[in-house]
Amino acid sequence: MAVPGGARRPLLLLLLGLLQGASSAVFEVKDGNGTACIMANFSAAFLVSYDTQSGSKNVAFDLPPSAHVLNSSSCGKENTSDPTLRIAFGEGHTLTFNFSRNATRYGVQRMSFVYNLSDTRTFPNASSKESKTVESVTDIQADLDTRYHCVSATETRMGGVTLTLRDATIQAYLSNSSFSKRETRCRQDVPSPTTAPPRPSPSPSPPPPESPSVAKYNVSGSNGTCLLASMGLQLNVSYARSDNTTVTRVLNINPNKTSASGSCGSQTVTLELRGEDVTLLLFQFGMNTSSSQFFLKGIQVNMTLPDARDPAFRAANESLRALQATVGNSYKCNAQEHVQVTQALSVNIFRVWVQAFKVEGDTFGSVEECLLDENSMLIPVAVGGALAGLVLTVLIAYLVGRKRSHAGYQTI
């Protein structure tokens, strides 16, 4: 939603004022033995757009000192659930951090915010009185047994909500009930070089990479498997380098150096991949309940491009319509699928076989072939039919000609 030009400066000043005036708070989650498993210390400011009878309105507020940890927060259980920090404040507002980890790193896998529009002090004249939920993935990550530390202000956009964290120290999977002495700094805190390095001599463009390796992925929830996928992935990223030249980088996702996670929901299933070249590659599948079909509706990529003018690359699109099949069936395509995410990003998917939401027995259901595969089958059929028609035409012409030649020798 566009904000009128005259309103941008007051909103920005208000948000900055909240950030400067917001006090940080320490939040802890403990297990049944009283041992802390999550600690977080940060200040937070919210900018929320909501509807009133006279049109859209923006309101900015900070996380108040009265904010507290809810009992529904959890340290998680091994191979069952992940740690969760839930912070409540005001009249029914909740900020949630969902953590996950792999062999070497952990992070906030997903952040969500529930805000209550019936809170008239915070949302005066709101046309709706219901509670709304927004969520987003984040780039909050750190090495295991280190604390995540970010002094700089970082923004997370969740629908019509912008959450800005400042001077944040966060750590999950604590080993001794306190922040680790070692830390992982956010990329925003890493200073950029003051002098440009000498420009290397131009080198020939590298040859295009080979087709990516095909890997199998699955996502499971409390009700079993909600996503099966087998595919090879290739990213095409266009960006401006520091010398203002525009390049396109082709990157194959290496399954051997990629960790996979995800989440299962009634209307949304996500697959999240993290690797040495990509901070986050997110696939989001949705369901059309009226037609009982699942489809790929969103892709998000977060990565660092060291030679880019802006090294922090992010591209996302949540209005896609690809890899579509009936719920309970699987979608399969041997041909290469090309998905244009944004002008700067496209994803090539090789030999894809995917099924979302309803998966029986951890095996793919009945196959629905892609149109590209069906067309590739039609070509040899059409060629064969044309050849058969040609042979039949020649044979008929031969027989007619032979009959006429015999008629010429009859006695008069």
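Colleague: How many disulfides does the count come to?

Modeller: The count comes to four disulfides, a disulfide being a pair of cysteine sulfur atoms within 2.5 Å. This is a predicted model, where local features need pLDDT of at least 70, side-chain atom pairs count only at pLDDT 80 or more, and totals for chains, interfaces and linings use all residues. Residues are numbered from 1 along each chain as its sequence is written, and side-chain values use heavy atoms, without hydrogens and water.

Colleague: Which handedness has the disulfide of cysteine 37 and cysteine 75?

Modeller: Left-handed, because the torsion about the S-S bond of cysteine 37 and cysteine 75 is about -85°.

Colleague: And cysteine 37, buried or exposed?

Modeller: Cysteine 37 is buried, at a relative accessible area of 12%, whereas cysteine 75 is partly exposed, at 21%. Buried means under 20% relative accessible area, exposed over 50%, and partly exposed in between (1.4 Å probe, protein chains only).

Colleague: What joins cysteine 333 to cysteine 370?

Modeller: A disulfide, with an S to S distance of 2.0 Å. The torsion about the S-S bond of cysteine 333 and cysteine 370 is about 65°, so this disulfide is right-handed.

Colleague: Turning to charges, where does arginine 321 lie?

Modeller: Arginine 321 lies over the face of phenylalanine 295, 3.9 Å from the ring centre. Lysine 332 lies over the face of tryptophan 353, at 4.2 Å from the ring centre. A charge sits over a ring if NZ of Lys or CZ of Arg is within 6 Å of the ring centre and within 35 degrees of the ring normal.
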